[in-house]
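Please look over the fold and the side-chain contacts of the chain shown here.

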Amino acid sequence: MNSYVYFLKTIKSLFQVRFLQMRRPVAVRWNITNKCFNRCRYCTIWENPKEELSFEKVKEILWALRKIGIVRISFSGGEPFSRDDIVKIIDYSVSLGIYPEINSSGYHFPKHAPFLKQVSLVKFSIDGPENIHDQ
């Protein structure tokens, strides 16, 4: 999906919310996993392991999000790149007309970079006070 189509979808959604009073989200942030290979001092998400949803269940949820008008989704976590199927999840999002973004520590980015041409934005986390994130 090109940026022009994304722009038009966003304008349409904003028009519906603003002028037609259709209250609905247009963007979602989803912690797609709690797995993370880092042990950052400012984050404890990795201490709470949860079973990940299957790819089929993720597809069902993405389809439901599309039906309510979501045009952008930001995959976060934990570390989204720790999921073996993250590229398939991104591809499926795009096939539904949902622009995917990734929030990452960058740990697995080099491995996945060639497959992420469809991601509209990659955000690398540098969190915590300077004396913590610089470590």
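Glu 60 and Lys 57 both sit in helix H2. They are three residues apart, about one turn of the helix. Their side chains form a salt bridge, 3.4 Å from N to O. A salt bridge here is a side-chain nitrogen of Lys or Arg within 4 Å of a carboxyl oxygen of Asp or Glu. Lys 57 is partly exposed, at 36% relative accessibility. The classes are: buried, under 20% relative accessible area; exposed, over 50%; partly exposed, in between (1.4 Å probe, protein chains only).

This is a predicted model: local features need pLDDT of at least 70, side-chain atom pairs count only at pLDDT 80 or more, and totals for chains, interfaces and linings use all residues. Residues are numbered from 1 along each chain as its sequence is written, and side-chain values use heavy atoms, with hydrogens and water left out.

## Salt bridges across the chain

The count comes to seven salt bridges. One of them joins Arg 83 and Glu 52, at 4.0 Å from N to O. Arg 83 is in the loop between E2 and H3, and Glu 52 is in the loop between E1 and H2, so the pair ties together parts that are 31 residues apart in sequence. Arg 83 is buried, with a relative accessible area of 2%. Glu 52 is partly exposed, at 25%. Both belong to a network of salt bridges that also links Lys 35 and Asp 85.

Glu 101 and Arg 72 form another salt bridge, 3.2 Å from N to O. This pair links distant parts of the chain: Glu 101 in strand E3 and Arg 72 in strand E2, 29 residues apart. Glu 101 is buried, with a relative accessible area of 7%. Arg 72 is partly exposed, at 31%.

## Overall layout

The protein chain has five helices and four strands. These are DSSP runs, numbered from the N terminus: helices are H or I with at least four residues, strands are E with at least two. The order from the N terminus is α-β-α-β-α-β-α-β-α. Of the 135 residues, 35% count as buried. Among contacts between residues at least 6 apart in sequence, 67% join residues at least 24 apart. Contact means heavy atoms within 4.5 Å.

## The sheet

Four strands make an open sheet, ordered E1-E2-E3-E4, with parallel pairing. Its edge strands are E1 (27–33) and E4 (121–124), and each pairs on one side only. Neighbouring strands are turned by 20 degrees against each other on average, direction ignored. Axes are lines fitted to C-alpha atoms, for helices over the stretch in contact, and angles run from 0 to 180 degrees between N-to-C directions. Two strands pair if DSSP finds at least two bridges between them.

E2 (residues 72–77) and E3 (residues 99–104) pair in the parallel sense over four bridges. Ser 74 stands opposite Glu 101 in E3. Helix H2 (residues 55–67) packs on the sheet and touches E1 and E2. The direction of H2 makes about 175 degrees with that of E1.

## Helix H3 and its buried face

Helix H3 (residues 86–95) lies across E1, E2 and E3, at about 150 degrees to E3. Which residues of H3 are buried? They are Ile 86, Val 87, Ile 89, Ile 90, Ser 93 and Val 94. Seen down the axis of H3, they fall within an arc of 160 degrees, so they line one face of the helix. The arc is that of the directions from the helix axis to the C-beta atoms. The buried residues of H3 pack against E1, H2, E2, E3 and helix H4 (109–112).

Ser 93 has a relative accessible area of 0%. Leaving aside neighbours within four places in sequence, Ser 93 is in contact with Leu 62, Ile 73, Phe 75, Ile 98 and Pro 100. After H3 comes Gly 97, whose phi is positive, near 85 degrees.

## The nonpolar core

In soluble globular proteins, nonpolar side chains tend to be buried together. The largest nonpolar core here has 19 residues. Such a core is a set of buried Ala, Val, Leu, Ile, Met, Phe, Trp, Tyr and Cys residues joined through side-chain atoms within 4.5 Å. Leu 62, Phe 75, Ile 86 and Ile 89 have the most contacts inside it. E1, H2, E2 and H3 each give two or more residues to this core.

Ile 89 touches Ile 32, Phe 55, Val 58, Leu 62, Phe 75 and Arg 83, not counting residues up to four places away in sequence.
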